[in-house]
Amino acid sequence: MSSLSPSRRAPRWEGGGVRIPPGYLVPWAIIIGIMSYEAPCLLVASPALLDPNFLHSVVLIVEHDEEGALGLILNRPPPLALAQVCAEGGMSYLGSEEATAWRGGPVDPQRGILLVQGGLPEEEDTVVDLTHFVSHRKDLLEALLGDPIARYRLFLGYAGWDAG
């Protein structure tokens, strides 16, 4: 899980508001808690958005700059047990058998991204708030998988947008 530099695809930026996909008459998301679009922030899908990738979604925007944006869909658990994902990836797992990996978005579904509660982030990690950070580090993933009381969520893939 190296640093992100993937290709990002998305609609263009319209004015100072939110992104509006071509063909849609309403904004695709509502920005929660702030007036400007600055990471980290939450985007909540408009009820009028029918794109199956983002229908009823809540997206944590982790990165946003002149090159585009990267986010994680917070409310899409796939039917994948975390133990199964680890077994297929050749990693040992000591957590709950009921734990799942989550679908972070439609882009690069083989890429794992962590949302971690607690602990100390490294320089390359993205701090979300006082208790959470996002990481792409495989060494951290392996350490968390071996800690049955660690608090984290593994996302497979991400939502990405090109600069407008």
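Modeller: Start with Glu124 and Arg137. In this predicted model, the two form a salt bridge, with their closest N and O atoms 3.8 Å apart. The pair links distant parts of the chain. Glu124 lies in the loop between strand E6 (107–117) and strand E7 (126–127). Arg137 lies in the loop between strand E8 (132–135) and helix H2 (138–145). The two residues are 13 residues apart.

Now stay with Arg137. Its relative accessibility is 10%, so Arg137 counts as buried, the cut-off being under 20%. Arg137 also has a salt bridge with Asp139, at 3.4 Å from N to O. The picture widens from there. Glu124, Asp125, Arg137 and Asp139 are linked in a network of salt bridges.

Why can such pairs form? Side chains of opposite charge can pair when their charged atoms come close.

Next, look at Asp108 and Arg111. These two residues form a salt bridge as well, and their closest N and O atoms are 2.9 Å apart. Take each partner in turn. Asp108 has 30% relative accessibility, so Asp108 counts as partly exposed. Arg111 has 18% relative accessibility, so Arg111 counts as buried.

Finally, the total: the structure holds four salt bridges. Among them are Glu124 with Arg137, Arg137 with Asp139, and Asp108 with Arg111.

Technical notes. Residues are numbered from 1 along each chain as its sequence is written. This is a predicted model: local features need pLDDT of at least 70, side-chain atom pairs count only at pLDDT 80 or more; totals for chains, interfaces and linings use all residues. Side-chain values use heavy atoms; hydrogens and water are left out. A salt bridge is a side-chain nitrogen of Lys or Arg within 4 Å of a carboxyl oxygen of Asp or Glu. Buried means under 20% relative accessible area, exposed over 50%, partly exposed in between (1.4 Å probe, protein chains only). Helices (H or I, at least four residues) and strands (E, at least two) are DSSP runs, numbered from the N terminus.
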